[in-house]
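Please keep the sequence and the coordinates at hand while reading.

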Amino acid sequence: MDMTPFVDVAFLILTFFIMATKFKPPEPVEITTPKSVSTTELPESNAVLVTIDKEGKVYFTVLSEKNQGIFDDVINSVNTSRNLGLTSAEKLNYRKTYMVGVGFGQLKQVLDMPADKQKDLKQPGIPVDTTGGDLTYWIQAAKAAFAGQSLKYMIKGDNSSKYPVFKDVIEGFKKNDVYKYNLITSPEDAPAGTELYTQRRKAG
């Protein structure tokens, strides 16, 4: 039997999966989230993610795979409002920057680095305080960039992070009239006997 057609099909399928597979971007900080039971899947686009690590450092991420221009709108907004003096190359590099964890005074230095070098950088965290700090301006810029679109706000906090930092992060949202957000947790199976437990067993 001539195996050539089968080999060709196998390579076509392999090529398809290689090209279609989307890899999760590496996170610069390790976060151990608390566990909970949820049926909601995390969005991969049209979302803002604020991360709090175990040391209380705050990081900001924009998720917009479908529209890369959103990143340009966000960085142009903070560049103008905070008078950062970013170059065109630095602003373009923001598209490849998965997570920002520095104050505006250090942002230019971070965006001047290649994206593959940024993951090794120990960022001190975005300054936050009882007024929301620098985080307020990032949320403001993202909200304006996604104007007219559905936008989800997410907070991913380490299980060891302290409440005062979380409170300051919430203040940054409140300053922008954002009162609804999702808390990211580690998935846990539904308790036995509950309706969700029964639905998952039927689906499985």
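**Charged pairs and nonpolar cores**

Glu171 and Lys174 join their side chains in a salt bridge, with an N to O distance of 3.8 Å; the term denotes a side-chain nitrogen of Lys or Arg within 4 Å of a carboxyl oxygen of Asp or Glu. The two residues are three places apart in helix H7 (residues 163–174), so about one helical turn separates them. Helices (H or I, at least four residues) and strands (E, at least two) are DSSP runs, numbered from the N terminus. Lys174 is partly exposed, at 38% relative accessibility.

The model is predicted: local features need pLDDT of at least 70, side-chain atom pairs count only at pLDDT 80 or more, and totals for chains, interfaces and linings use all residues. Residues are numbered from 1 along each chain as its sequence is written, and side-chain values use heavy atoms, with hydrogens and water left out.

The whole structure contains four salt bridges according to the search. One of them links the side chains of Lys108 and Glu90 at 2.9 Å, N to O. Because Lys108 belongs to helix H4 (residues 104–111) and Glu90 to helix H3 (residues 88–93), this pair ties together parts that are 18 residues apart in sequence. Lys108 is partly exposed at 31% relative accessibility, whereas Glu90 is buried at 6%. Another salt bridge is formed by the side chains of Lys57 and Glu55, at 3.2 Å from N to O. Here Lys57 is partly exposed, with a relative accessible area of 24%, and Glu55 is exposed at 58%.

Which residues have the most contacts inside the largest nonpolar core? They are Phe60, Val74, Tyr94, Leu107 and Trp138, in a core of 36 residues. A nonpolar core is a set of buried Ala, Val, Leu, Ile, Met, Phe, Trp, Tyr and Cys residues joined through side-chain atoms within 4.5 Å. Two or more residues each come from strand E2 (47–52), strand E3 (58–63), helix H2 (69–81), H4, helix H6 (135–145), strand E4 (152–157) and H7. H6 gives the most, with six residues. Apart from this core lies another, of five residues, including Ala47, Leu49, Leu63 and Met154.

Within H6, the buried residues are Leu135, Thr136, Trp138, Ile139, Ala141, Ala142 and Ala145. The buried residues of this helix pack against E2, E3, H2, H4, E4 and H7. Trp138 is also among the residues touched by Leu107, together with Ile75, Leu84, Val100 and Val102, when residues up to four places away in sequence are not counted. Contact means heavy atoms within 4.5 Å.

The loop between helix H5 (115–118) and H6 holds Lys122, and Asp134 is found in that loop as well. Is Lys122 buried or exposed? Lys122 is exposed, with a relative accessible area of 74%. Its C-alpha atom is separated by 9.6 Å from that of Val102, 20 residues apart along the chain. Asp134, by contrast, is buried yet has no salt bridge. The nearest side chain of opposite charge is Arg82, 5.4 Å away from Asp134; Lys and Arg count as positive and Asp and Glu as negative, while His and the chain ends are not counted. Leaving aside neighbours within four places in sequence, Asp134 is in contact with Gly103, Phe104, Ile126 and Pro127.

Notes. Buried < 20%, exposed > 50% of the residue type's maximum accessible area, 1.4 Å probe, protein only.
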